[in-house]
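Here is a short note to go with the structure below. It takes a few places one at a time, so please keep the view open as you read.

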Amino acid sequence: ETEFRTGALSCIMAIHHAPPPEAAPDWTIPQDWRSYTAAEHAVWDRLFARQTRMLPARVIPAFIDGLDILRMTRPGIPDFDELNPRLMKATGWQVVAVPGLVPDEVFFSHLARRRFVAGRFIRRADQSEYLEEPDVFHDVFGHVPLLAHPAFADYMQAYGEGGLRAAKLGMIEALARLYWYTVEFGLVRDGDALKLYGAGIVSSRGESLFALDDPSPHRIAFDLKRVMRSRYRIDDYQQSYFVIDSFEDLLRQTRDVDFAPLYEQLRDCPPIAVGELIPTDRVIHRGTQAYARFRAAG
Ligand code: HBI
Ligand code: FE
């Protein structure tokens, strides 16, 4: 089984220089939808078919609703010029193309203005495993459907605003962990069941199965401070997933909240290792960590 994992980008890799010459000062580039080849559209279609076969039973229903509202079910790589009026109507968000990873503060200021930056390139048909930079499938299939959900859309903006403040306080690392364990690898409660919503999960077939069904990873109730202390790995499945109650609850805990006192506490707290549990964790499923041991054994 080939494995497509992406979204495993790292803030550490984010570059801190001027935009490349083809990009605008805000790092955006034209999507230039017409220049995608038939082969590139076919890569999208294949990945899209594979994920939409398995996701309906696993993902939060708002994700499927988003695909519908934004008419992302049409074949081919979405044309941002067609997507954007629908997204604007739903929640006031826009998708803009960028050449690849952008510096943290550029990323945050786009989010703060309700603009989601997306890679314009798509992985090659033979590129499995792992991409260093997020491509248009991860960014648009993974992230954009939930931007049509009002509370999630507001959370993403609040995150961008929080990012700009965190940058001034030297706390980007803590905030990046919040992004990682919610926007990229989050799970959400749905009655007694758990559902997927993180873009890094839903754009990966392997992790869509692993995150929900595998006995290996811990599944822990979301706690803001705990998450901000939690290290993560970018090159393999997560060993712990954090479960929110709802997007509304996540938004309530983050929007209009001054993180400065929390950051002060965090300065005195050691980070929590990948796969570690701490006594205050509300553990929903205690993982066997068998997968982690298997990988560690090489
Ligand atoms: N750039 N294109 C792109 N996409 C991202 O998700 C991204 C980025 N630059 C920095 C960044 N993310 C980080 O700041 C966040 O993941 C915290
Ligand atoms: Fe992502």
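**Notes on a predicted model**

1. Let's begin with helix H5, which spans residues 136-143 and holds histidine 138. Please keep in mind throughout that this is a predicted model. Is histidine 138 buried or exposed? Histidine 138 has 28 other C-beta atoms within 10 Å, and a residue counts as buried at 20 or more, so histidine 138 is buried.

2. Histidine 143 is found in helix H5 too. With 25 other C-beta atoms within 10 Å, histidine 143 is buried. Leaving aside residues up to four places away in sequence, histidine 143 touches Phe116 and Ala199.

3. An unreviewed UniProt entry lists His138, His143 and Glu184 under "binding site". These positions are spread over 47 residues of sequence, yet they cluster in space, with a largest C-alpha distance of 10.1 Å. Please treat the label with some care, since such annotations may be inferred rather than shown by experiment.

4. Next, the sheet. In what order do its strands lie? This open sheet has five strands in the order E6-E5-E8-E7-E9, and the pairing is mixed. E6 and E9 are the edge strands, each pairing on one side only. On average, neighbouring strands are turned by 40° against each other, direction ignored.

5. Strand E5 (residues 187-190) and strand E6 (residues 193-196) run antiparallel and are joined by four bridges. Arginine 189 has leucine 194 in E6 as its bridge partner. E5 and E6 form a hairpin with two residues between them. Glycine 191, in that turn, has a positive phi of about 65°.

6. E5 also pairs with strand E8 (residues 240-244); these two run parallel and are joined by two bridges. Here leucine 187 has valine 243 of E8 as its bridge partner. Strand E7 (residues 218-221) pairs with E8 in the parallel sense over four bridges. Which residue of E8 is the bridge partner of alanine 221? It is valine 243, the residue that also partners leucine 187.

7. Now for two helix pairs that involve helix H6. H6 (residues 150-169) packs with helix H11 (residues 247-254) at an angle of about 25°, their axes 9 Å apart. Angles under 35 degrees count as roughly parallel, and H6 and H11 are therefore roughly parallel to each other. H6 passes H11 in a left-handed crossing. To find this contact in the view, look for Ala151, Phe152, Asp154, Tyr155, Ala158 and Gly162 in H6, which meet Phe247, Glu248, Leu250, Leu251 and Thr254 in H11.

8. The other partner is helix H4 (residues 104-112), whose axis comes within 7 Å of that of H6 and crosses it at roughly 140°. H4 and H6 are therefore oblique to each other. The crossing of H4 past H6 is left-handed. Residues making this contact include Phe108 and Leu111 of H4, and Met156, Tyr159 and Leu164 of H6.

9. Threonine 288 is partly exposed, with 13 other C-beta atoms within 10 Å. Not counting residues up to four places away in sequence, threonine 288 touches Pro215 and Ser216. How far apart in space are threonine 288 and histidine 218? From C-alpha to C-alpha they are 7.7 Å apart, although 70 residues separate them in sequence.

10. Finally, two backbone details are worth checking by eye. Aspartate 32 is not a glycine, yet has a positive phi of about 55°. Aspartate 32 lies in the loop between strand E1 (4-5) and helix H1 (38-54), and is exposed, with 10 other C-beta atoms within 10 Å. Arginine 71, not a glycine either, has a positive phi of about 50°. Arginine 71 sits in the loop between helix H2 (61-69) and helix H3 (80-91), and with 11 other C-beta atoms within 10 Å it is exposed.

Notes:
Residues numbered from 1 in each chain as written. Chains lettered and ligands numbered in written order. Predicted model: local features only at pLDDT ≥ 70, side-chain atom pairs only at ≥ 80, totals over all residues. Pairing = 2+ DSSP bridges. Buried ≥ 20, exposed ≤ 12 C-beta atoms within 10 Å, placed from the backbone. Contact = placed C-beta atoms within 7 Å. Axes fitted to C-alpha atoms, helices over the stretch in contact; angles between N-to-C directions. Parallel < 35°, antiparallel > 145°, perpendicular 65-115°, else oblique. Left-handed = near helix turned anticlockwise from the far one by under 90°.
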